[in-house]
Every structure is written in C-alpha cells, then in structure tokens.
Amino acid sequence: MNLPFFLARRFYKSPGKGKRISGTTLHIATAGVAAGLAVMIISVCVVLGFKGEIRSKVIGFGAHIEVLDMNAVGQPQYFPIHPADSLIKQLERTENVHHVQRVSVTTGLLKTDDSFRGISLKGAAEEYDTTFLASYLVEGSLPRFSASEASADVLLSRQQADALGLRVGDRVYAYFFDKTLKMRRFRVSGIYQTNLTQFDKNLVFTDLKTVNQLNGWEPGQCGSLELQVDDYDRLGETNSRVSHIVGRQAGLGTGVCASYTIEELYPGIFDWLSLLDMNVWVILILMVCVAGVTMVSGLLIIILERTPAIGLLKALGADNTTIRTTFIHLSVLIIVRGLIVGNIIGLGLVGLQAAFGWVRLDPANYYVESVPVLVNGWYILGINVATLVVTTLSLLAPSYLVSRIQPAKAIRFD
C-alpha cells in the first residue's frame with residue numbers, strides 16, 4: 001500500500017487520542033467545504049432554472065426563429081409575406097426544425113364602458129402549436145385558430161382581464177386604426193397568465209383570418225413564419241440554414257425577408273438573462289475561496305497538532321516529500337467527505353424546492369411564483385471537480401511547513 005495514503009487514513013480515522021481539537025478541526029473543515037459546495041449547487045440550479053423558465057416563456061410567445069420582412073423588426077405591426085406551401089415544407093425538412101406555423105399581428109384598442117387598453121392582436125393558423133398557451137390557461141378555453149375561418153373569440157391575459165373588468169364569456173369592443181377606423185366585437189373565450197409582464201400586458205390571441213382581414217391582407221398572406229427547433233444549442237447554426245433558404249425565395253414579401261433568432265428579436269431580455277451568469281461566477285469564486293481558506297486553516301492546525309508524529313516519522317527516515325504527501329492525502333479525504341455532504345444538502349434542498357415550491361416569489365417583480373430550479377449533471381460534476389482541484393492546490397503552499405519541523409524538537413513538542 002502507498003505509505004502516505006496509509007498514514008493519511010490512520011490520521012483521518014484517529015484524529016488524536018485524548019484530544020478533541022483534531023476531531024473538531026476535521027468537522028469544521030468538512031463543514032466549510034460542504035457549505036460552500038451546497039451554496040454553489042443551489043445558486044447554479046436556481047439561475048439555470050430561472051433562465052430556462054424566462055426563456056421558455058419568451059419562446060412560447062414567439063418561436064425560436066422567425067421569418068419576416070426586415071422592415072417589421074422592432075415594429076408592433078408586421079408587413080405581409082406570402083409563403084408558398086413548398087417553402088413551408090422545405091423549412092420543416094430543415095435539420096433541427098420540427099415545426100413551422102403562420103402568424104399575423106396588428107395593433108388596436110380594447111374598450112369597455114369604464115376602461116380601455118392598447119393591445120397587440122396576434123392571429124394564428126390551424127397549425128399553431130397551442131402547448132404553451134394551454135399550459136398557462138387559467139380560465140375558459142383557447143380560441144379556434146384558423147387561416148380560413150374568422151371567429152369572434154379572443155384569449156386575454158389575467159392582467160388585461162382584471163384591468164378591463166372582463167371575465168370568460170364577456171363581450172368586448174376592439175378598435176383598430178389603419179387608413180380607416182375598424183371596429184370588432186369579440187367574446188372572451190379564455191384567460192391565460194404567465195406573469196411575464198412585457199407580454200401579458202398587451203398580447204391578445206385570436207385566429208389568423210381575423211387579423212388578416214383587419215390588416216387588409218390577401219388570402220395566403222401572413223405576418224411571419226415561426227419556426228421551433230429541437231436543440232436550442234444549435235440555434236445559430238439552424239438560423240443560418242433557414243436564412244439561406246429564405247434568401248433564395250423569390251416573391252416572399254413586398255420587401256426583403258430574413259430570419260431572426262429569438263435572441264435577436266428580444267435582445268434586452270436575453271442580455272439581462274446573461275447578466276445573471278456574472279452573479280453566479282461571483283458566488284462560485286467566493287464559495288471556493290471560503291472552502292480553500294477553511295481547508296488551509298484546518299491543515300495548519302492539523303500539522304501543528306501532529307508535530308510529534310512528524311518528528312518521529314523524520315527520525316525513522318521519512319523525507320519531507322513523503323510527509324507533505326501524507327497531509328495532502330489527509331486533506332483530500334476531508335475535502336471528499338465535505339463534497340459528499342455538500343452534494344446531499346445542495347441537491348436535497350433543490351429537489352425539495354422542485355417538488356414542493358416552498359420558496360415563493362412576487363410574480364410582479366420576478367415573473368415566476370416560486371423559485372425555479374434546474375439540475376444539470378455536467379454543471380454539478382464541474383463544480384465538484386473544480387472545488388476539489390482548487391482547494392487541493394491551495395494546500396500545497398502550507399504543506400511546506402513540515403520541512404521546517406526538526407525531529408529532535410518535534411518529538412519533545414507538546
């Protein structure tokens with residue numbers, strides 16, 4: 001057996017006969033590593049969960065990639081495009097694209113006897129993926145989406161319904177201003193709530209036919225094509241393929257058409273989410289430093305208490321490298337135990353939050369009702385490995401203290 005590892009195990013299992021300080025030091029060092037790791041795991045899981053929750057909501061209101069007239073980027077109202085069936089099928093066959101849907105948007109005003117509210121009315125065709133809206137539907141039912149038949153049903157947000165005093169089944173007048181004033185009377189078929197204020201406050205859903213009529217567009221036209229992808233990590237690569245296909249399509253729109261990712265269409269939201277990564281890095285650095293300082297302090301105390309043993313080992317012929325390696329092994333054993341405890345605490349708390357959502361938030365400020373968490377195995381593994389490596393390296397310098405211990409004095413040390 002490796003001598004340094006054998007000695008390290010003996011020291012680890014027998015902190016010191018008749019002394020409680022060594023055992024206490026081991027517990028404090030273990031607790032420092034465990035607490036730091038648990039905080040890092042919780043921080044990373046919360047940030048990943050929060051970013052994933054917000055990103056999924058933004059994508060749910062739109063799509064991963066959108067094909068539209070370049071003049072419509074950043075505008076509340078789109079310009080018409082006329083996608084051929086062959087183009088839609090070609091886009092659906094594009095690698096990493098699994099769904100294509102037509103939508104149109106117009107702006108208007110909802111008015112009741114007591115209040116009014118500006119809206120963006122989004123119309124969807126029959127192929128529209130309703131999974132997102134259905135998951136956040138709190139009352140009523142979704143409108144019947146269609147490109148060929150107009151209905152009088154709309155889907156409002158809880159924020160809009162409360163502001164206007166509307167409930168499911170109520171009738172509401174809507175006014176649209178283009179070259180002439182247009183008025184429609186809609187029925188509230190359902191109410192949704194995502195708590196993402198930027199969208200909830202003005203986005204209303206209905207069928208594509210109704211919006212196209214309000215825009216004065218011809219049959220077959222729409223405001224944009226929304227594409228959903230399978231792998232978000234390949235979004236940029238997929239958008240390049242879609243852009244190449246769209247660029248070769250003649251007569252698609254009255255202007256120049258292009259494809260844009262969700263990150264390009266909503267840069268403010270995604271830039272804000274990217275800032276959260278900086279907070280995580282600060283927490284990770286601080287917690288690794290805490291674990292490192294705790295281990296350095298613990299190692300110095302252990303070396304001080306083991307001075308007689310170090311002197312005896314030197315008297316028996318052990319060199320400084322062997323003794324230093326022994327204490328490094330001992331420290332690694334403490335760190336590994338701290339990592340095990342930290343993983344149990346961190347992942348345990350994350351699992352409880354995911355299952356029960358005990359930690360609640362104000363949706364008006366955080367856009368979610370409870371703290372979202374997401375466990376990524378590779379991130380957890382990386383945190384564990386980084387903590388082990390950094391804390392172990394931090395012990396190399398203090399381990400050289402053993403070279404200054406003289407056997408004759410150390411054996412008599414008490």
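Glu95, Arg234, Glu237 and Arg241 are linked in a network of salt bridges. The model is a predicted one, and its chain has 16 helices and 10 strands. In total, 13 salt bridges are counted.

**Salt bridges in the network**

- Glu95 and Arg234 join through their side chains in a salt bridge, with an N to O distance of 2.7 Å.
- Glu95 sits in the loop between helix H3 (85–92) and S2, while Arg234 sits in the loop between strand S9 (224–229) and helix H8 (235–247), so this pair ties together parts that are 139 residues apart in sequence.
- Glu95 is partly exposed because its relative accessibility is 45%.
- Arg234 is also partly exposed, with a relative accessible area of 24%.
- Arg241 forms a salt bridge with Glu237, and their closest N and O atoms are 2.7 Å apart.
- Arg241 and Glu237 are both in helix H8 and are 4 residues apart, so about one helical turn separates them.
- Arg241 has a relative accessible area of 28% and is therefore partly exposed.
- Glu237, with a relative accessible area of 36%, is partly exposed.

- Arg187 forms a salt bridge with Asp153, and the closest N and O atoms are 3.1 Å apart.
- Arg187 belongs to strand S7 and Asp153 to strand S5 (residues 153–157), so the pair ties together parts that are 34 residues apart in sequence.
- Arg187 is partly exposed, at a relative accessible area of 25%.
- Asp153 counts as buried because its relative accessibility is 18%, and the cut-off for buried is under 20%.

**Two buried threonines**

- Thr194 lies in the loop between strand S7 (181–192) and helix H6 (197–200).
- With 1% relative accessibility, Thr194 is buried.
- The side chains of Thr194 and Asp200 are joined by a polar contact of 2.6 Å.
- Apart from neighbours within four places in sequence, the contacts of Thr194 include Lys57, Phe61, Phe132, Tyr136 and Tyr367.
- Tyr136 is 58 residues from Thr194 along the chain, yet their C-alpha atoms are separated by 6.1 Å.
- Thr106 is part of strand S2 (residues 97–111).
- Thr106 is buried, having a relative accessible area of 3%.
- A polar contact of 3.0 Å connects the side chains of Thr106 and Asn215.
- Beyond neighbours within four places in sequence, Thr106 is in contact with residues including Gln77, Ile119, Phe176, Val211 and Leu214.

**A nonpolar surface patch**

- Val341, Ile345, Leu349, Leu352, Phe356, Trp358 and Val359 make up a nonpolar patch on the surface, and together they have about 660 Å² of accessible area.
- Trp358 is located in the loop between helix H12 (320–356) and helix H13 (363–366).
- Trp358 counts as exposed because its relative accessibility is 57%.

**The chain as a whole**

- The radius of gyration of the chain is 32 Å, whereas a compact globule of 414 residues would have one near 22 Å.
- Along the principal axes, the C-alpha atoms fill a box of roughly 100 × 50 × 30 Å.
- Of the 414 residues in the chain, 46% are buried.
- Among contacts with a separation of 6 or more, 79% involve residues 24 or more positions apart.
- The chain has an accessible surface of about 20400 Å², and carbon and sulfur atoms account for 59% of that surface.

How values were computed: Residues are numbered from 1 along each chain as its sequence is written. This is a predicted model: local features need pLDDT of at least 70, side-chain atom pairs count only at pLDDT 80 or more; totals for chains, interfaces and linings use all residues. Side-chain values use heavy atoms; hydrogens and water are left out. Buried means under 20% relative accessible area, exposed over 50%, partly exposed in between (1.4 Å probe, protein chains only). Contact means heavy atoms within 4.5 Å. A polar contact is a pair of N or O atoms within 3.5 Å; within protein, one must be able to donate a hydrogen and the other to accept it, and residues adjacent in sequence count only if both atoms are side-chain atoms. Patches are made of residues with over 30% relative accessible area and no salt bridge: like charges are joined within 9 Å, nonpolar side chains (Val, Leu, Ile, Met, Phe, Trp, Tyr) within 5 Å. Accessible areas come from the Shrake-Rupley method with a 1.4 Å probe; for residues, only the protein chains shown count as cover. A salt bridge is a side-chain nitrogen of Lys or Arg within 4 Å of a carboxyl oxygen of Asp or Glu. The radius of gyration is taken over C-alpha atoms; the globule rule is 2.2 Å times the number of residues to the power 0.38.
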